[in-house]
Amino acid sequence: MMGYANMEQIASGIHFRLRARTFIVAEPQGNRVVFVNLDACMASQIVKIKVIERLKARYGDLYTEKNVAISGIHTHAGPGGYLQYVVYIVTSLGFVRQSFDALVDGIEKSVLQAHENLRPGSIFVNKGELLDASISRSPSAYLNNPASERGKYKYNVDKEMTLLKFVDDQWGPVGSFNWFATHGTSMSRTNSLISGDNKGAAARFMEDWFEQSNAGHSSADELVSEGIPRRVSDIISDFRNNHHELLELAASFQSPPGKAATKILSVARRVRGILREAEKPGFVSAFCQSNCGDVSPNVLGAFCIDSGLPCDFNHSTCGGKNEMCYGRGPGYPDEFESTRIIGERQFRKAVDLFNKASEKLEGKIDYRHSYLDFSQLEVTIPKQNGGSETVKTCPAAMGFAFAAGTTDGPGAFDFTQGDDKGNPFWRLVRDLLKKPDKEQINCQYPKPILLDTGEMKQPYDWAPSILPIQILQVGQLVILSVPGEFTTMAGRRLRDAVKTVVTTTGESNSNVHVVLAGLTNSYSQYVTTFEEYQVQRYEGASTLYGPHTLSAYIQEFKKLASALLSGQPVELGPQPPDLLDKQISFLTPVVMDSTPIGVNFGDCKSDVPQNTTFRRGEMVTVSFWSACPRNDLMTEGTFALVEILHGKDIWAPAYDDDDFCLRFKWSRPSKLSARSMATIEWRIPDTAPLGVYRIRHFGAAKSLLGSTRHFTGSSSAFVVA
């Protein structure tokens with residue numbers, strides 16, 4: 001998985017599905033902009049290159065790298081192996097073509113759907129504070145910023161959510177996108193289920209809420225049971241109240257043998273697929289990432305897991321060691337509950353802003369984009385005693401504190417945050433890979449260099465040097481697309497700098513809304529302020545291009561903003577490399593799948609007990625003889641399905657693996673075994689209708705000759721009463 005750099009965090013199932021969500025805003029016969037919110041840890045340069053190639057093949061120059069933004073929500077529970085630089089794919093055993101293709105395909109399809117859905121409409125913007133979904137995970141570094149600057153702000157993280165409401169002239173509201181800064185780390189570094197984390201959860205909740213509100217409800221409170229909105233498919237009026245009759249009916253449906261199935265079957269049975277009116281666009285809600293660099297969703301704070309005491313303030317250690325210091329989410333110790341709570345808090349705020357949005361976006365649509373070589377960018381900065389001086393950014397390098405990790409996911413060995421010295425042993429290990437020269441050491445000072453990634457080129461580039469910066473304008477909204485994780489104060493400085501340009505130049509007024517879209521178009525780790533960099537906590541150690549990185553961004557974004565307002569073009573800049581053909585993978589393929597003699601794929605291995613009645617809130621667990629999910633990712637389909645009985649013999653989809661209450665888990669008895677099983681867990685929602693249910697599993701098995709065969713199986717029926 002991608003995010004925690006933990007090689008033992010190997011995906012083994014699905015919490016809920018990952019999505020690409022897109023809005024396109026176009027002037028008739030004029031400019032257009034595209035914003036893709038991606039349920040992934042971050043955007044990838046090579047993913048964007050290939051998406052743009054596909055869009056150009058289909059639409060010509062309508063969609064290019066200049067007017068398309070692809071932004072990651074920063075979930076740490078998504079797949080790894082889809083970035084092109086070595087340092088970001090080491091822990092995924094190299095490049096994973098299957099994950100890469102799934103992302104490129106999904107983004108392309110999302111953009112195509114948005115393109116086909118273009119219709120006349122209006123956009124409204126609203127802003128408001130969300131106070132209980134984020135805290136600072138590096139408050140000691142924040143305190144190194146000037147007191148006069150800190151005094152301008154009430155909080156040490158940004159608490160403001162900015163939301164767009166898209167309204168179709170005919171259909172009414174069709175979507176909402178919002179930006180709010182909090183890390184996608186509610187799910188921990190030991191989680192092995194694919195998940196959109198808190199932002200993905202919030203998107204699920206809001207899309208379901210809207211579908212329900214169209215079904216005759218109006219408030220978020222009315223539609224949330226323990227934070228989870230009801231589903232259209234949940235509201236079934238023809239269930240039977242006679243418990244004895246339900247038990248008899250359930251007893252007539254025993255678990256059948258697994259059988260062959262078509263690939264399309266799992267797609268056809270998907271719950272969300274049947275909710276859509278054919279002629280009406282489905283409601284799309286995206287929870288986008290912002291300047292989340294030093295912002296954690298683990299709002300209870302960081303504590304030592306051995307003593308229960310708070311971690312050391314400056315170094316986030318326990319007895320001098322970082323491995324014991326962990327942040328606690330609001331559902332502690334249940335990470336799924338923390339994910340739900342932080343997701344629900346964002347969802348509730350978004351619904352409030354959505355319902356009250358009244359300021360209409362009006363004005364032109366425009367964009368500017370440029371590539372910059374951050375390894376050697378000249379930056380003019382003010383001197384303390386007046387005047388200015390020219391400094392340079394550095395080739396990428398990571399400091400010792402990078403290896404310490406954060407309170408959201410501590411590192412290993414004896415690294416600590418706030419280490420501006422390093423130690424002789426790890427310097428020796430570093431030098432075996434690449435010893436930084438004196439110029440690089442001086443340039444990156446006071447960062448002690450652990451990995452000189454910008455100067456490591458074997459077998460190909462370890463880190464990026466050429467990065468994209470981009471501004472999208474929709475009326476009085478300005479989106480700053482940045483290829484990294486800006487800390488709170490770094491993001492504030494960049495937004496303020498651009499807003500100053502926008503409000504003092506040209507036609508714009510002081511009502512401009514500037515949002516920062518983090519982890520967009522490419523990825524280059526962190527950006528701190530100069531003052532935070534001096535402290536060398538994790539974020540400073542991960543600010544690749546040296547202490548003047550933020551000043552470089554501010555300088556170049558001001559140029560973009562000025563060009564945008566004056567209508568002047570900007571230089572494209574040096575092209576980033578396309579390293580797809582150089583990628584290396586050590587991830588072993590699926591060799592084959594098998595079952596015991598006399599057992600079919602899809603046979604129930606552990607069924608529900610006969611004549612069982614479950615209550616709402618209880619867990620139903622069923623397991624099946626299965627095959628490796630990598631044989632078919634069931635994109636737009638499902639591995640797991642809960643069906644409810646209508647009448648005497650019609651099974652209707654009720655919940656699938658895109659639902660928060662249903663978990664799909666896959667396992668092998670041993671690493672070298674060709675046998676495997678799928679365990680499906682359904683926590684029955686309080687809103688589930690009474691009735692007869694069964695659980696189904698879909699999969700695909702691979703033979704020794706390489707062919708794949710789809711299969712399905714189902715549990716015996718049971719009663720929910």
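**View 1. Ile644 and its partners on either strand.** Tyr693 is the bridge partner that Ile644 finds in strand E36. In strand E33, the partner of Ile644 is Ala652. Keep in mind for this and the other views that the model is predicted.

**View 2. Strand E32 with strands E36 and E33.** Strand E32 covers residues 640–646, and six of its seven residues are buried, so the strand counts as mostly covered. Five bridges tie E32 to E36 (residues 691–702), and these two strands run antiparallel.

**View 3. The turn from E32 into E33.** How many residues sit between the strands in the hairpin of E32 and E33? There are three, and Gly647 in this hairpin takes a positive phi near 65 degrees.

**View 4. Helix H5 crossing helix H9.** Now for a pair of helices. H5 spans residues 197–213 and H9 spans residues 335–356; their axes come within 7 Å and cross at roughly 50 degrees. That angle makes H5 oblique to H9. The crossing of H5 past H9 is right-handed.

**View 5. Side by side: the residues where H5 meets H9.** On the H5 part of the contact you'll find, among them, Ala201, Ala202, Phe205, Met206, Trp209 and Phe210. H9 brings residues including Arg340, Ile342, Gly343, Phe347, Ala350, Val351 and Phe354. Sorted by class, the contact has 11 nonpolar, five polar and four charged residues.

Note on methods
Residues are numbered from 1 along each chain as its sequence is written. This is a predicted model: local features need pLDDT of at least 70, side-chain atom pairs count only at pLDDT 80 or more; totals for chains, interfaces and linings use all residues. Side-chain values use heavy atoms; hydrogens and water are left out. Axes are lines fitted to C-alpha atoms, for helices over the stretch in contact, and angles run from 0 to 180 degrees between N-to-C directions. Helices (H or I, at least four residues) and strands (E, at least two) are DSSP runs, numbered from the N terminus. Angles under 35 degrees count as roughly parallel, over 145 as roughly antiparallel, 65 to 115 as roughly perpendicular and the rest as oblique. A crossing is left-handed if the near helix is turned anticlockwise from the far one by less than a right angle, and right-handed if clockwise. Contact means heavy atoms within 4.5 Å. Ala, Val, Leu, Ile, Met, Phe, Trp, Tyr, Cys and Pro count as nonpolar, Asp, Glu, Lys and Arg as charged, and the others, Gly among them, as polar. Buried means under 20% relative accessible area, exposed over 50%, partly exposed in between (1.4 Å probe, protein chains only). Two strands pair if DSSP finds at least two bridges between them.
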